[in-house]
Amino acid sequence: MSASTTATLRHDWSLAEVKALFVQPFNDLLFQAQTVHRAHFDANRVQVSTLLSIKTGACPEDCKYCPQSGHYNTGLEKEKLMEVQKVLEEAARAKAIGSTRFCMGAAWKHPSAKDMPYVLQMVKGVKAMGLETCMTLGRLDQDQTEALAQAGLDYYNHNLDTSPEFYASIITTRTYGERLQTLAYVRESGMKICSGGILGMGESLDDRANLLIQLANLPEHPESVPINMLVKVAGTPLENAEDIDPFDFIRMLAVARILMPQSHVRLSAGVKR
């Protein structure tokens, strides 16, 4: 399979095809990924984003990787939703150091009706600074999605985390289908999608491939695909997870690039909900 054929946008990847990409000789895989990348992006430019936690801790979800889950004792102090002005001050600082996108994350299962007006003010304020706006607030319903879009939100981050097959081993409080439904609402609203996953949670090669297949076979590729390396936190069920080989992490990035040629593939660490 040549790099030229994979530069075409496809939405019909099979597990066998994707696994064949993963097991290529390392330098061949990098060359193929770089060829695809250079066809769509400036070869020596990266886009810098800043992520701010606007509401920390006490999340009702039981994601085994997450120190913000209320199910685990990680020593993290829970905080209320930040004041709008403080968020805008952080956004101004991010812009001053070169960030062009500002992402705001809240440790919620879903936004509440009482918090939505403040969230919308944050979007409008950050947008007015000339920054791209991104939020991750958990599951959205259709009305909330439309409100965010009308406020000017550019990107909504909602990770699939892992494959459908491995998902129940990591999270039981939200279904894979609910995650896909939120992504569908985001796409229907006209906003852009930021969705990826986490490596190092005990998943198999098939799981890594199937996560990328879920993303690449959506009707439209996510504009942004964060590939996170698990940061192990004491008190979470994954605190003693086995480290993954750094070269396997690079392979994941390379295959993501090949499958989704026009997406921004993001190198990340930690968690983004």
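The backbone oxygen of Pro-222 lies 2.5 Å from a polar atom in the side chain of Ser-263. That is a polar contact (a pair of N or O atoms within 3.5 Å; within protein, one must be able to donate a hydrogen and the other to accept it, and residues adjacent in sequence count only if both atoms are side-chain atoms). The model is predicted, so local features need pLDDT of at least 70 and side-chain atom pairs count only at pLDDT 80 or more, while totals for chains, interfaces and linings use all residues. Residues are numbered from 1 along each chain as its sequence is written, and side-chain values use heavy atoms, with hydrogens and water left out.

## Around Ser-263

Where does Ser-263 sit? Ser-263 is in the loop between helix 9 and strand 8 (264-269). Helices (H or I, at least four residues) and strands (E, at least two) are DSSP runs, numbered from the N terminus. Ser-263 is buried, at 1% relative accessibility. Buried means under 20% relative accessible area, exposed means over 50%, and partly exposed lies in between (1.4 Å probe, protein chains only). Leave aside the neighbours within four places in sequence. Ser-263 is then in contact with Phe-41, His-221, Pro-222, Glu-223, Val-225 and Arg-257. Contact here means heavy atoms within 4.5 Å.

## Salt bridges

Side chains of opposite charge can pair when their charged atoms come close. A salt bridge is a side-chain nitrogen of Lys or Arg within 4 Å of a carboxyl oxygen of Asp or Glu. How many salt bridges does the whole structure hold? The search finds 13. Three of them are set out here.

| Salt bridge | N to O distance |
|---|---|
| Arg-179 and Asp-161 | 3.3 Å |
| Glu-203 and Arg-208 | 2.9 Å |
| Asp-243 and Lys-232 | 2.4 Å |

Take the pair Arg-179 and Asp-161, which meet at 3.3 Å. Arg-179 lies in helix 7 (residues 176-189), and Asp-161 lies in the loop between strand 4 (155-157) and helix 7, so the pair ties together parts that are 18 residues apart in sequence. Both ends are covered. Arg-179 is buried at 1% relative accessible area, and Asp-161 is buried at 0%.

Next come Glu-203 and Arg-208. Glu-203 counts as buried at 9% relative accessibility. Arg-208 is buried too, with a relative accessible area of 12%.

Buried or exposed: which is Asp-243? Asp-243 counts as exposed, at 58% relative accessibility. Lys-232 is partly exposed, at 34%.

Salt bridges can also link up. Arg-10, Asp-12 and Glu-17 are joined in a network of them.

## Helix 8

Helix 8 (residues 205-216) has 12 residues. The expected span of a helix is 1.5 Å times one less than its number of residues. For helix 8 that gives 16 Å, and the end C-alpha atoms are 16 Å apart, which agrees.

How many residues of helix 8 are buried? Nine of its 12 are, so the helix is mostly covered. Among the buried residues are Asp-207, Arg-208, Asn-210 and Leu-215. What covers them? The cover includes helix 2 (15-22), helix 7, strand 6 (197-199), strand 7 and helix 9.

## Aromatic pairs

Rings of Phe, Tyr and Trp (its six-membered ring) pair if their centres lie within 6.5 Å; planes under 30 degrees apart count as stacked, over 60 as edge-to-face and the rest as tilted. The structure holds two aromatic pairs. The rings of Phe-26 and Phe-247 have centres 5.1 Å apart and planes at 80°, so this pair is edge-to-face. Phe-26 lies in helix 3 (residues 26-40) and Phe-247 in helix 9, so the pair ties together parts that are 221 residues apart in sequence. Phe-247 is partly exposed, at 48% relative accessible area.

Tyr-167 and Tyr-176 form an edge-to-face pair, 5.1 Å centre to centre with 85° between the planes. Both tyrosines, Tyr-167 and Tyr-176, are buried.

## Cysteines

A disulfide is a covalent bond between the sulfur atoms of two cysteines. The cut-off used is a pair of cysteine sulfur atoms within 2.5 Å. The structure holds zero disulfides. Cys-134 is in none, and its nearest cysteine sulfur, that of Cys-103, is 3.0 Å away. Cys-134 is buried, with a relative accessible area of 3%. Cys-194 counts as buried, at 1% relative accessibility.
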